[in-house]
Amino acid sequence: MDNYYKSFNISDEVFCYCEKIIESLKDRFDEIDRTAEINQLKVIEAMQKNNVSEACMLGTTGYGYNDIGRDTLEKVYADIFHTDDALVRAQITCGTHALALALMSNLRPGDELLSPVGKPYDTLEEVIGIRESKGSLKEYGVIYKQVDLLPDYSFDYENIKKAITDKTKVVTIQRSKGYQTRPSFSVSQIGELISFIKSVKSDVICMVDNCYGEFTEKLEPSDVGADMIVGSLIKNPGGGLAPLGGYICGRKECVENAAYRLTSPGLGKEVGASLGILRDFYQGLFLSPTVVASALKGAVFAANVYEKLGFSVIPDSKEERHDIIQAVTFNDREKMIAFCEGIQAASPVDSFVKPEPWAMPGYDCDVIMAAGAFVSGSSIELSADGPVKEPYSVYFQGGLTFPHVKLGIIKSLQAIYEKKLVEIPES
Ligand SMILES: *Cc1c(COP(=O)(O)O)cnc(C)c1O
């Protein structure tokens, strides 16, 4: 085996250290496989129940009336997530668009939107109008309220209760931490929060930003009371094959509102040609549970590799996982850059490219990004990025197969080791 790694210029020290860690993770990996197994069965069951057929793989053009593949796929999503209905479309351009659509279609002027879990994902700031932006919810007279988490990252029930008024229409809950330092929420924590909110006001719409969370657990937020769950197809549920798209699954009325907003009042779900995209949506969804498992194993492996070398990792090496994101804090610019170079060098695409810190719109410092993906910007594929400033944290996620994530992490450590920035303990 190590001969194969030698051809990737991996030294014996790095290889042995990493192999030892893999051996110690057998039980963790078994647990991840069990979750994948359950989710795989859920997907197959939903596909069989809805008679997914060869005809479903073909697409429509023009208006897209009577698109059997598109309509069946939406039934499959609804069954997997146990919701009344679903909107799964190539016309939803990305996760932010899906979230904006869900919010804008279900809120009306004068309504209040509440985030009981602190600041939402960066790109939602402009959707909501936390940062001034054209066409924001704020411009349309939707009021935004936010309750931050308590210092121990638990929910501030007292202030959440106070923030709910008779105008509160939608509550938005972000499952994954995104680029924040708080932990990601488990489905059961989200369930508790939703129960509390519904006990205060039963008719409020609870929406969960499900990005990066799909299939990491045996249950989804829609199994514990969420009225709508929303995500991107170039993350978990696209399985690496979907080349674009987003989804909204939820209560009939919520999904109907979203469909009328995505296309047009009166037209709703009836239009929207699928062109030739459906096979990738179906096949990606079919692969997603095991792809997510690979990404999760990779994240656990990385946490163990870097924690034992003395770096701070979130989640830590032992924690349960609720999304596929792993943060490693280097407290050092050179180590951070070397890590990203290693990830890039392990990629199947663009492996010859060297990532460099660069100014990006919306950031107050340079950002470094490593990705060699088949689908541009896809973060279910192995990718790493982070702002190049103190504390020099890298967020990394994805990996379509475990051997690829394993190579990526080994290469990242090799890059740091070669620059003499780390000592590898004897194994
Ligand atoms: C990625 C992500 C989004 C936005 O999705 P894009 O496809 O990048 O627009 C929103 N929320 C969370 C938690 C995410 O991880």
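Mentor: Before we start, helices (H or I, at least four residues) and strands (E, at least two) are DSSP runs, numbered from the N terminus. This is a predicted model, in which local features need pLDDT of at least 70 and side-chain atom pairs count only at pLDDT 80 or more, while totals for chains, interfaces and linings use all residues. Residues are numbered from 1 along each chain as its sequence is written, and side-chain values use heavy atoms, with hydrogens and water left out.

Trainee: Which helix gives the largest share of the shell around the ligand?
Mentor: A residue is near a molecule if one of its heavy atoms lies within 4 Å of it, and the residues around the ligand include C94, G95, T96, L99, Y121 and Q174. By class, the shell has five nonpolar residues (Ala, Val, Leu, Ile, Met, Phe, Trp, Tyr, Cys and Pro count as such), two charged ones (Asp, Glu, Lys and Arg) and four polar ones (the others, Gly among them). The largest share, three residues, comes from residues 95-106, that is, from helix α5.

Trainee: How much of the area that the ligand exposes when taken alone does the protein bury?
Mentor: Consider first the polar contacts, pairs of N or O atoms within 3.5 Å: a polar backbone atom of G95 is 2.8 Å from an oxygen atom of the ligand, and a polar side-chain atom of D209 lies 2.6 Å from a ligand nitrogen atom. A polar side-chain atom of K235 lies 2.9 Å from an oxygen atom of the ligand. By the Shrake-Rupley method with a 1.4 Å probe, the ligand taken alone exposes 380 Å², and the share of this that the protein buries is 89%.

Trainee: How are α11 and α12 oriented to each other?
Mentor: Two packed helices are described by the angle and the distance between their axes. With axes as lines fitted to C-alpha atoms over the stretch in contact, and angles running from 0 to 180 degrees between N-to-C directions, α11 (residues 333-345) and α12 (residues 402-418) come within 7 Å and cross at roughly 140 degrees. Angles under 35 degrees count as roughly parallel, over 145 as roughly antiparallel, 65 to 115 as roughly perpendicular and the rest as oblique, and α11 and α12 are therefore oblique.

Trainee: Which residue is joined to P315 by a cis peptide bond?
Mentor: Most peptide bonds are trans. P315 sits in the loop between β8 (312-314) and β9 (326-329). With omega at about -5 degrees, the cis bond joins P315 to I314.

Methods: A polar contact is a pair of N or O atoms within 3.5 Å; within protein, one must be able to donate a hydrogen and the other to accept it, and residues adjacent in sequence count only if both atoms are side-chain atoms.
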